[in-house]
Amino acid sequence: MSDSHSPEQSPIHWFDDPSQVPADVADWLMEMGSMTRRFEKQGVTVTVKPQNECFVSREELGESEAQQLPESARYWIREIVLFGDAEPWLLGRTVIPEETLTGPDLALVDLGTVPLGRYLFSGNNLTRDYIHLGQLQSEQGDLWARRSRLRLSDKPLLLTEIFLPDSPVHRPEGKVSKA
Ligand SMILES: C=C(O[C@@H]1C=C(C(=O)O)C=C[C@H]1O)C(=O)O
């Protein structure tokens with residue numbers, strides 16, 4: 001993502017204690033299932049627009065991300081904007097070590113407009129090591145964020161999600177007013 005919201009460019013403050021996050025926000029950020037599915041339950045059509053997909057070296061990763069993943073010669077980056085109907089709801093950045101892209105998981109480099117969650121939650125080999133809760137200061141105000149290290153058949157990938165002002169996470173009670 002070239003804008004200043006890009007996780008690798010904008011320092012996200014990660015909370016040491018999740019209780020520092022309001023309960024109604026934490027309910028969203030701690031979602032253990034697919035965020036895509038949770039958004040769809042708001043009655044919107046979820047679409048994903050890839051913004052940037054490429055291989056990068058470990059040096060090109062932000063230090064904060066490199067610390068979360070094993071050494072690798074290169075990492076697949078996928079940056080997207082996720083929309084609820086026509087509203088931008090989320091910026092997603094996924095970092096995948098090359099060693100994770102084996103067997104069927106090589107499909108992760110060809111997702112295109114298919115939401116990552118549709119792939120990740122389609123099988124029964126997905127585990128989650130942790131969810132970190134965070135906040136990003138931006139021109140659009142303070143944005144809630146989360147970072148998950150996920151594993152597909154024990155192979156790691158790192159997913160950072162920044163929730164945009166129009167998303168239910170930033171609306172009172174997380175409700176979406178359908179006009
Ligand atoms: C990971 C999920 O997929 C969503 C879609 C993404 C993508 O297509 O790259 C990234 C972030 C997620 O919010 C999910 O549904 O939980």
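Tutor: The account below begins with a strand, then turns to an annotated site and to salt bridges.

This is a predicted model, in which local features need pLDDT of at least 70 and side-chain atom pairs count only at pLDDT 80 or more, whereas totals for chains, interfaces and linings use all residues. Residues are numbered from 1 along each chain as its sequence is written, and side-chain values use heavy atoms, with hydrogens and water left out.

E3 is mostly covered, 10 of its 10 residues being buried. Here buried means under 20% relative accessible area, exposed means over 50%, and partly exposed lies in between, with a 1.4 Å probe and protein chains only. The cover extends to both faces of E3: Tyr75, Ile77, Glu79, Val81 and Phe83 are buried on one side, and Trp76, Arg78, Ile80, Leu82 and Gly84 on the other.

Strands count as paired if DSSP finds at least two bridges between them. E2 and E3 run antiparallel and are joined by 10 bridges, and Thr47 stands opposite Phe83 of E3. E3 and E4 also run antiparallel, with 10 bridges between them; there Leu82 stands opposite Leu90 in E4. The hairpin of E3 and E4 has 2 residues between the strands, and in this hairpin Asp85 takes a positive phi near 50°.

Arg78 lies in strand E3 and is buried, with a relative accessible area of 3%. Leaving out residues up to four places away in sequence, Arg78 touches a set of residues that includes Val48, Asn52, Glu53, Arg93 and Leu116, where contact means heavy atoms within 4.5 Å. The side chains of Arg78 and Glu53 are joined by a polar contact of 2.9 Å. A polar contact is a pair of N or O atoms within 3.5 Å; within protein, one must be able to donate a hydrogen and the other to accept it, and residues adjacent in sequence count only if both atoms are side-chain atoms.

An unreviewed UniProt entry carries the annotation "binding site" for Met35, Arg78, Leu116 and Glu161; such annotations may be inferred rather than shown by experiment. Met35 is found in helix H2 (residues 35-40) and counts as buried at 5% relative accessibility. Apart from neighbours within four places in sequence, Met35 is in contact with Trp28, Leu90, Arg146, Glu161 and Phe163.

The structure holds 14 salt bridges, each a side-chain nitrogen of Lys or Arg within 4 Å of a carboxyl oxygen of Asp or Glu. One of them joins Glu98 to Arg74, with the closest N and O atoms 2.6 Å apart. This pair links distant parts of the chain, 24 residues apart: Glu98 is in the loop between strand E4 (87-97) and helix H4 (116-120), and Arg74 is in the loop between H3 and E3. Glu98 is partly exposed at 27% relative accessibility, and Arg74 is partly exposed at 35%.

Glu71 forms another salt bridge, with Arg58, at 3.6 Å between the closest N and O atoms. Glu71 is exposed, with a relative accessible area of 63%, whereas Arg58 counts as buried at 19%.

Terms used: Helices (H or I, at least four residues) and strands (E, at least two) are DSSP runs, numbered from the N terminus.
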